Amino acid sequence: MNFFDKLMKIDRRIIFLFVAAAVILPFFLSIHQKILISPEVQGLYDAFESLPPGSKIMISYDYDPASAPELQPMAVTAMKYCFTKGLKVIILGLWPQGSIQANMAIESALEDPRVKEKNPQYGKDWVNLGYMSGNELVIQRMGTDIPVTFPRDYQGNPVEDLPLMQGIKNFSNVDFIFNLSAGYPGTQEWVQFAADRFHAKLGAGNTAVQAPGMYPYLRAGQLVGLLGGMKGASEFEKLTDFEGKGTKFMLSQSFAHAIIIIFIIIGNLAYFISRGVKKK
Amino acid sequence: MKKTKFIILIIPLILIFFNLSSPQEKPVPLPPTEVKAFDTPNDNGHSLSVTWKLSPDDGAGKNNVVAYEILRAESPKEEFEVRGMVPSGENLFDDKGSREKEDKNYLPSHKNYYYKIRAKADNIFSESEVSNPAFAYGQWYHTGKTPVLAGVIIFSIFALTFITLARKGKKLYIRPLPGIEAVDEAVGRATEMGKPILYVLGLGTAADIATIASFTILNRIAKITAEHRTTILVPCYDSVVMAAAQETVRAGYLEAGRPDIYKEENVFFVTSMQFAYVAGVNGLMLREKPATNFYLGKFYAESLLLAETGSIAGSIQISGTDEIAQIPFFIAATDYTLIGEELYAASAYLGKEPVLLGTLKAQDWGKAVVIICLILGALAASFHFQFFLNLFRVQL
Amino acid sequence: MRREIPLILTATVGIVYIISFFIPHRPFGSVETLFSDWILIIAAFAIWLGALNLLRVSADKIYRKKKDWFYALVTILSFFLIAIIGFFFSRGSHFQDVGTSFDYLYRNVYNPLSATMFAILAFFVASASYRAFRARSWEATLLLLAAFFVMLGRVPIGDMISGFLPENIRLSAVATFIMNIPQSAGQRAIMIGIGLGIISTALRLILGIERTYLGGD
Amino acid sequence: METFGLWIAALLTLGIMSFLYKDNPIYKFCESIFIGISAGYWFVSLFWQSMYPRLYLNIRGAISTLLHEGRISDDRWLYLVAGILGVMMLLRLVPKIGWISRWPLSFIVGSTAGLYFITYLQSNIMNQIRSTIIPIYVPGNLGISISNLIVFVGVFCGLVYFFFSREHKGAFGGAAKVGIWFLMITFGASFGFTVMSRMSLLIGRIDFLFGTWLGLIK
């Protein structure tokens with residue numbers, strides 16, 4: 001066994017060590033990197049921008065803490081943006097932990113001085129309808145009747161008592177739906193049930209894993225825009241001018257990608273050289 | 001509700017206040033005409049629709065109409081009640097009622113209603129004539145869903161035809177799938193090594209077709225393991241799935257004629273939370289060191305966590321899922337992968353029962369129809385033949 | 001009784017579901033909602049089966065003093081800890097509200113465990129790509145190249161190293177092209193295939209051809 | 001209390017991470033807690049979120065209509081059927097009549113089959129066909145013509161690859177081969193795209209350990 005054979009069967013733990021270093025080091029470095037905007041993020045931003053103040057937006061938090069590093073920065077930016085622009089937000093979750101994530105996002109959004117200035121109020125500027133089990137069937141039921149599907153908000157207040165919910169009957173009273181999704185139920189179900197069945201205008205923020213699966217919907221116009229993973233989050237932060245964690249984490253991301261690519265190159269070099277040696 | 005009405009009233013007033021030319025001098029906008037009420041098509045019979053011809057002042061001149069208000073009454077003489085509002089330029093409104101009697105929004109079937117449309121310009125408005133009477137009734141067929149019905153019929157005909165042909169003993173060829181061919185070898189390896197086989201059904205519930213398809217494969221594999229007297233471990237993510245998996249494995253042992261060596265505790269529940277389940281299964285892999293791991297069903301982010309740990313444990317791994325995002329991980333980290341549709345075909349492959357192969361043939365015919373539609377569609381689209389595209393439009 | 005009735009039930013329910021899709025009229029229009037509620041209720045009952053199974057397997061390990069019995073005890077204790085807190089000490093049906101003991105356990109125990117298990121994937125992605133991404137064949141090379149371009153194109157570094165090129169052939173543009181055109185096409189083919197596989201399996205279930213889940217006798 | 005929770009969270013994080021080195025008692029300990037806690041979590045959630053509102057509240061409502069208004073016709077009685085099916089599921093615990101649990105099982109499977117038959121026919125087949133019907137020749141726009149042609153060829157060959165009842169030989173085999181190429185590009189691209197997400201999670205955890213816990217990162 002020569003050096004390259006050994007390199008091909010390198011102990012996993014050495015790779016692990018390099019990955020850890022690549023992720024941790026950038027936290028302690030300060031490098032600025034340029035962020036370019038991709039069309040699907042622009043599409044989402046344009047859809048948000050086209051809404052006049054006072055428009056009603058539904059944000060569905062369909063993820064749990066496991067996907068929070070990617071989706072939480074998007075959620076926070078979206079909340080900050082809506083609050084400063086005077087858009088009214090109706091929150092719900094198809095994942096049990098979704099509405100908790102929503103509250104956390106609002107908490108951090110409220111710390112921003114620009115949001116503080118607007119002083120958004122619960123019930124008037126946003127409501128949290130909480131979690132409802134039933135996956136895509138919840139979406140379907142909302143298509144015919146939102147107050148029947150969610151008779152109470154997460155604190156147990158009847159929805160009739162919430163000023164923001166006045167006049168909200170079904171998706172036709174909601175100007176835009178933004179879905180933050182980490183799997184099932186998520187964007188696919190929102191497309192199939194809200195966009196396809198009830199013609200709601202829909203945009204989404206997805207984990208980077210899920211995002212490629214959504215391109216067909218994006219191309220077919222069933223989705224107006226898409227944020228994919230941390231890069232999507234950082235682009236959205238740049239467009240909305242709310243620089244946050246998405247931008248900060250992006251540097252670690254770049255390093256980590258670089259380290260994986262270097263490993264793939266080393267692996268292939270080792271493979272070809274050791275094969276060449278054997279042929280001789 | 002009162003508040004909204006108040007705001008609707010107050011905004012134009014404020015506008016007027018700042019407008020120097022008094023709008024009272026403006027003539028009233030011309031009313032909309034040709035108001036027609038009719039039953040909303042394709043619903044359960046608790047909704048009416050109204051259309052009208054736009055007011056001549058809509059979108060032109062100084063008497064610009066800003067919105068239309070839709071009013072309804074039970075008879076032309078009664079007082080009309082506002083049912084909704086649409087912005088100018090629109091001429092259709094669906095007056096959706098509730099089907100619950102207790103609901104204040106209740107709209108009964110088979111009861112006549114009359115409509116009026118109000119064209120609003122700032123704070124002044126004009127009203128149309130009263131519409132014809134119309135009543136709501138439920139439909140027994142949703143016309144917008146015809147393309148889906150056609151699909152159901154076409155596919156069912158294919159399936160039934162080939163099932164019948166297969167029953168009559170017509171030989172059907174199927175091409176080899178490497179992942180399936182490897183099953184016997186993989187079970188044999190476990191027998192030689194005297195180690196168990198691990199079968200993971202994934203994160204699906206019994207309400208996922210992928211999981212149900214995986215049951216059939218599990219049944220075949222359980223039968224082979226029973227014949228070889230090899231242990232099969234099935235950690236489950238969902239309680240209902242566990243119940244069904246127990247039945248499935250038991251059936252496999254029965255078919256192999258070895259119900260005596262079936263152990264129910266080998267098909268067990270772990271937990272219904274994704275990563276806790278992974279933690280448990282990973283621990284199992286590192287401690288039991290199974291010779292072969294099967295991952296067939298619904299998989300999400302845990303796919304690679306399982307597959308890499310299995311590779312650390314030195315197992316042969318066969319995987320398959322219909323979650324497109326996870327297929328690459330399985331391809332990278334396991335020895336054989338069933339891609340998407342192949343997972344659904346696998347049960348037919350393993351069973352070799354003619355009827356199952358018949359439905360496989362129907363799937364192929366389905367694909368042929370899709371391909372033909374794509375070719376015709378591409379030609380139609382190139383020559384701007386919109387009609388063809390509309391064939392696939394489903395209204396809901 | 002044991003096999004016939006379940007098979008008839010599957011077929012009937014399946015056909016009712018399909019028919020109700022096309023009929024807006026009562027009572028078909030509301031079948032879907034009702035049935036889905038029923039399934040959720042059945043699942044809520046079934047969790048008892050799962051929980052009892054877990055407890056029985058763990059208790060068995062402790063009772064027989066099998067290897068690792070101590071860990072089985074930890075599992076049982078954690079189960080009862082959260083179950084008791086969730087049922088009796090966390091504001092009833094508002095058990096998930098911020099500030100309940102249930103929420104405390106969720107945030108400080110469940111959440112970090114879950115997130116860390118998920119984060120371990122990052123290391124596994126690296127080791128799996130090192131092992132699997134070798135240009136052994138033409139197909140493997142395509143896989144490798146597509147991954148390579150998309151990986152680089154999705155981070156700003158990609159544009160930094162390809163910045164000298166015209167904008168529409170920079171790495172991020174190449175990545176977008178791969179995602180939008182060939183990736184999208186491949187996805188669609190797989191999706192249509194899966195669709196056919198699913199409807200064919202569904203039909204097999206309704207026709208009673210596929211029925212292993214009902215067991216043997 | 002919050003600091004205590006933070007320390008527990010941090011130690012559990014490190015415990016699970018230790019798995020990367022090798023299986024060890026600390027990992028086993030964390031794993032056992034994890035399984036117990038999560039199973040209990042699910043147990044509690046399903047009760048409060050399904051059993052309580054959907055079964056208990058509906059039946060209670062139906063009973064109260066019966067008692068107060070003397071009306072027996074109430075759709076909510078239908079939920080009793082679900083309750084019975086649920087109890088049938090539990091009868092698995094009784095070996096002699098365990099087979100009765102097949103009834104609720106076949107109910108679930110039947111409705112799954114019905115629902116997905118329709119849903120996938122519509123969304124995965126009809127809609128995907130519809131969005132693949134694109135002009136292959138767009139006059140005056142070579143770029144779009146070419147990319148549309150690639151999409152068309154990709155879908156076509158990809159579908160050919162999935163044919164089970166024909167040998168991959170000749171022109172058919174050639175198309176299937178091109179189909180595999182498209183599938184490989186698809187998988188490679190999704191993998192590359194996913195790497196990002198996985199790294200993000202690790203970044204999130206590192207942010208927690210070094211930032212929230214140790215306070216080294218602002």
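The legends below describe close-up views of a predicted model.

**View 1. Helix H3 of chain C packed against helix H2 of chain D.** The axes of H3(C), residues 69–88, and H2(D), residues 25–69, come within 7 Å and cross at roughly 30 degrees. Since angles under 35 degrees count as roughly parallel, H3(C) and H2(D) are therefore described as roughly parallel to each other, and the crossing in which H3(C) passes H2(D) is right-handed. Residues that make this contact include Tyr71(C), Val74(C), Phe79(C), Ile82(C) and Phe87(C) on H3(C), and Phe29(D), Ile33(D), Gly36(D), Gly40(D) and Phe43(D) on H2(D). By class, the contact of H3(C) with H2(D) has 16 nonpolar, 6 polar and 1 charged residues.

**View 2. The contact between chain D and chain C.** This contact takes 96 residues from chain D and 102 residues from chain C. On the side of chain D that touches chain C, the elements giving two or more residues are H1 (2–17), H2, H3 (79–90), H4 (102–132), H5 (142–161) and H6 (170–213) of chain D, and H2(D) gives the most, with 24 residues. The class division of this side of chain D is 66 nonpolar, 24 polar and 6 charged residues.

**View 3. The contact between chain D and chain A.** Here 26 residues come from chain D and 29 residues from chain A. The elements of chain D that give two or more residues to the side touching chain A are H2, H4 and H6, of which H6(D) gives the most, with 15 residues. The residues on this side of chain D divide into 13 nonpolar, 13 polar and no charged.

View 4. S4(A) and S5(A), the latter spanning residues 202–206, run parallel and are joined by 5 bridges, and Asn179(A) stands opposite Ala204(A) in S5(A).

**View 5. Confidence along chain A.** Chain A averages a pLDDT of 87, and 99% of the residues score at least 70. Within chain A, confidence is lowest in helix H7(A), residues 136–144, at a mean of 79, and highest in strand S4(A), residues 176–181, at 96.

Note on methods: Residues numbered from 1 in each chain as written. Chains lettered and ligands numbered in written order. Predicted model: local features only at pLDDT ≥ 70, side-chain atom pairs only at ≥ 80, totals over all residues. Axes fitted to C-alpha atoms, helices over the stretch in contact; angles between N-to-C directions. Helix = DSSP H or I, 4+ residues; strand = E, 2+ residues; numbered from the N terminus. Parallel < 35°, antiparallel > 145°, perpendicular 65-115°, else oblique. Left-handed = near helix turned anticlockwise from the far one by under 90°. Contact = placed C-beta atoms within 7 Å. Nonpolar A, V, L, I, M, F, W, Y, C, P; charged D, E, K, R; others polar. pLDDT = per-residue confidence, 0-100. Pairing = 2+ DSSP bridges.
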